[in-house]
Amino acid sequence: MIDLLKDLIRIKSDSIEGANEALLYCQSWLLTRGIAPKLYEHDSKLMLVAEIGDGDECIIWNGHVDVVPGNPDQFTPFIDGDKLFGRGSADMKAGVAAMMQAFYELSLTTENLTKKVQLHIVTDEETVGDTSNYLVNKGFNGDFVICGEPTQLHIGLQAKGIVQVDIKIKGKSSHGSRPWEGVNAIERAFAFDNEMRKLSFMKASNRFYDYPSLNLAKIHAGERYNVVPDECVLSYDIRFVPGQNIDDILIEIQNMRKNHFPNCEILVHSTAPAVTTDENDKYVMKLQNVTSEMMKRPTNLFGQHGSADTRFYSEKGAGAIEFGPCGADWHGDMEYVSISSMEQYKNILVSFIVN
Ligand SMILES: [Zn+2]
């Protein structure tokens, strides 16, 4: 399993071609162990699905083999004590390798399996998540989905949803020496931003989150010193709390616009639902028990601030969580995964299915 992880790290999967190569490597690793996964392709991006077991229940393990770009030397894995360093070690080739190993071990004794286990390996989680979305839309969904993102062997139960909007604020240009003859769109944008932060949707909270987040990500305006700018576009990335509703948030922004900035325009760039998996979900409770027993410590439930491929499964009604081994500095220069936690993770995955 560690060799498999090292091989995967050596494949520079920070592009579509590289991620496809890593996926084909996973396919051949499974094939040589008697497992025949089905390959799918969408927009030149590959994904694979393998299934074992039988029964009414279906548990899905989802992992991505694409990584964010790294330093060239991060694609040469190295071990220091319990730490295996390399781009994608934690996020999330360790999760993928452990899932493949666990899947292989279960495949040796399928007659004992009273439920289906599906392995989904995808290639674009770090960019758009189209490949997981594609599989879900093709009908590959289950009762419970584990995405093997690094979570220190605790359970990422929920994830915030996303609303991204562009606000086009209109002003009126004039000569920079006579600004009182125009309306400065940048100054109006400041006022808009002020109002935005006072809206009531910004005060939502639940057990896992104290508030939503609002990131003013881009500002486009102004060309010359001597001209009053007549347009300013603000781009916001809002991450809302599970339980909040996308339409309600947009309506509140629209109402504020109507009242205070009638001639500005709101364009929705994209939205994504929150992951709202319930802490009383029977699979969550079982995984919590199995993990706590194996690790001899309590297993926490927590809310993720960023989103993962869990959202596509959760949107269609499956309980979906993030759960993976221990590590640090993913997307950073010193990314590593704990080798012992990867072993424990693999054992927990197997035990969760057979017990
Ligand atoms: Zn990831």
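Where is the place of Asp43? In this predicted model, Asp43 sits in the loop between strand 1 (38-42) and strand 2 (45-52). Its backbone stands out. Phi of Asp43 is near 55°, a positive value in a residue other than glycine. Most residues other than glycine have a negative phi, and most peptide bonds are trans. A second exception concerns a peptide bond. The bond from Asp91 to Met92 is cis, and its omega is near -15°. Met92 belongs to helix 3.

The overall layout comes next. The protein chain is divided into two parts, domain 1 (2-159 + 274-354) and domain 2 (161-272). Their centres, taken over C-alpha atoms, are separated by 37 Å. The two domains also touch. On the domain 1 side, 15 residues are in contact with 11 residues of domain 2. About 910 Å² of area is buried between domain 1 and domain 2. Carbon and sulfur atoms give 56% of that area.

Helix packing was examined pair by pair. Helix 1 (residues 2-10) packs against helix 2 at an angle of about 155°. The axes of helix 1 and helix 2 are 9 Å apart. Angles over 145 degrees count as roughly antiparallel, and helix 1 and helix 2 are therefore roughly antiparallel to each other. Their crossing is right-handed. Helix 1 brings Leu4, Asp7 and Leu8 to the contact. Helix 2 meets them with Ala22, Tyr25, Cys26 and Trp29. By class, the residues of this contact are six nonpolar, no polar and one charged.

Helix 2 (residues 16-31) also packs against helix 3 (residues 89-107). Here the angle is about 20°, and the axes lie 11 Å apart. Angles under 35 degrees count as roughly parallel, so helix 2 and helix 3 are roughly parallel to each other. The crossing of helix 2 and helix 3 is right-handed. On helix 2, the contact is made by Cys26, Trp29 and Leu30. On helix 3, the partners are Val96, Met100, Gln101 and Tyr104. These residues divide into six nonpolar, one polar and no charged.

The crossing of helix 5 and helix 6 is right-handed. Helix 5 contributes Arg188, Phe192, Glu195 and Met196 to the contact. Helix 6 contributes Ile253, Met256 and His260. The contact of helix 5 with helix 6 has four nonpolar, one polar and two charged residues.

Terms used:
Residues numbered from 1 in each chain as written. Predicted model: local features only at pLDDT ≥ 70, side-chain atom pairs only at ≥ 80, totals over all residues. Heavy atoms only, no water. Axes fitted to C-alpha atoms, helices over the stretch in contact; angles between N-to-C directions. Helix = DSSP H or I, 4+ residues; strand = E, 2+ residues; numbered from the N terminus. Parallel < 35°, antiparallel > 145°, perpendicular 65-115°, else oblique. Left-handed = near helix turned anticlockwise from the far one by under 90°. Contact = heavy atoms within 4.5 Å. Nonpolar A, V, L, I, M, F, W, Y, C, P; charged D, E, K, R; others polar. Domains from an automatic or database assignment. Buried area = accessible area lost by both parts, 1.4 Å probe.
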